[in-house]
Amino acid sequence: MGKGTKSVRGGVRHVDDNMGSIIEPIYQTSLFDYREPERRPSLHGVVPLKYSREDNPTVHAVESKVAELEHGVDALGTSSGMAAITTLMMALLSRDSTVLMPLDVYGSTLVLMERLSKFGIKTVITDPGTNNVINSLKSGINVVFIESVSNPLLRVYDIPKIVKAAHEVNAVVVVDNTLATPMGITPISHGADFVIHSATKYLSGHNDVVAGFIVGSDDRIKGVWEWRRFLGTIMEPFTAFLVDRGLKTLHIRMRTHEENAKAVAEFLMDHPKVERVYYPCLDNHETYEVAKKLLSNCGGMVSFEVKGGLKEAMAVYKHVKMIIPSVSFGGAESIITHPASTTHVHWSPEDRARAGIKDNLLRLSVGLEDPEDIINDLNQALNYA
């Protein structure tokens, strides 16, 4: 099946009544009948279905769809993207484990790993970029954590090269594929061991749920299931229903996000008040060649630097009318973010400089509105810079 067909029809269904519903029901129950455990299904092949903290049919239906989309053997739905990362790290790491990650991963991921040092877990932070990650790999690194496309400067990481180097030192490779989505790249197809998603973003796509996924390339995912079971980080059934509903239009939405983002990026490139534009499929981007090689969809995120400094960037941020000033990304609505004062406000100025995040940088999650309207709103806001 193609990606579009998988988005709409992929996964398993658990309808076992005679109603004829074509939509997976919401199994809004905490318990399942357990009189004859040997006759109960085992959704992830670990224990029979009995308790929704462990497994739930509605959640499993969307898990199996995401596993298919990401070319994994199985997936686990979690209560948020950070819950997915935390659960997976608990499964993979132990005292004296070492994690390698570049500085431009999601800020909360960095903070989490720094705080896990209290349990004896070490973190090595490299400067951004594929070569910096590879050059820092050595024996004793247990996990390499990267993002397929970084946020907010949209660097595309060369996953096959990193996987090859990491596996040579027996390190597990985890790829956060939130920004690219499986419409852009499937990291497991390039050798990654695990894929992470914040389904709050593009997978659900409507800014109305908080959810996450862990996708495994092999049976190691069963060990992660045990950690989700005890940490209690499973996705809620109604959330799973909404995520599955969003996934049915993922391929269409990502096509439009990309078309709109390209139009916006080209507009910004020619604007006299814009200093620099970041979009992975523009030939001026530092990772353009990697993007051209690996991405089948360049995504809906565009970042740009306003000429001047903080004052000029904030003038644009405060004067958009249709575009929403906020955080997060991946929904139908266009959202503009000032990373230095929101998503990266807790970083030191030195770390922001290392990552290339300037005070005049704005990140735009290009939505599904007509591109002319997005451009017109940006144009009038830029007049205030």
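Me: Which residues of H3 meet Gly223, Val224, Trp227, Arg228 and Leu231 in H8?
Reply: This is a predicted model, in which local features need pLDDT of at least 70, side-chain atom pairs count only at pLDDT 80 or more, and totals for chains, interfaces and linings use all residues. Residues are numbered from 1 along each chain as its sequence is written, and side-chain values use heavy atoms, with hydrogens and water left out. Helices are DSSP runs of H or I with at least four residues, and strands are E runs of at least two, both numbered from the N terminus. With contact taken as heavy atoms within 4.5 Å, the residues of H3 that meet those five in H8 are Thr87, Leu88, Met90 and Ala91.

Me: At what angle do helix H3 and helix H8 pack?
Reply: Axes are lines fitted to C-alpha atoms, for helices over the stretch in contact, and angles run from 0 to 180 degrees between N-to-C directions. The axes of H3 (residues 81–92) and H8 (residues 221–231) lie 9 Å apart, and the angle is about 120 degrees.

Me: What is the bridge partner of valine 99 in E3?
Reply: Strand E2 (residues 98–102) runs parallel to E3 and is joined to that strand by five bridges. In E3, the partner of valine 99 is threonine 123.

Definitions and conventions:
Pairing = 2+ DSSP bridges.
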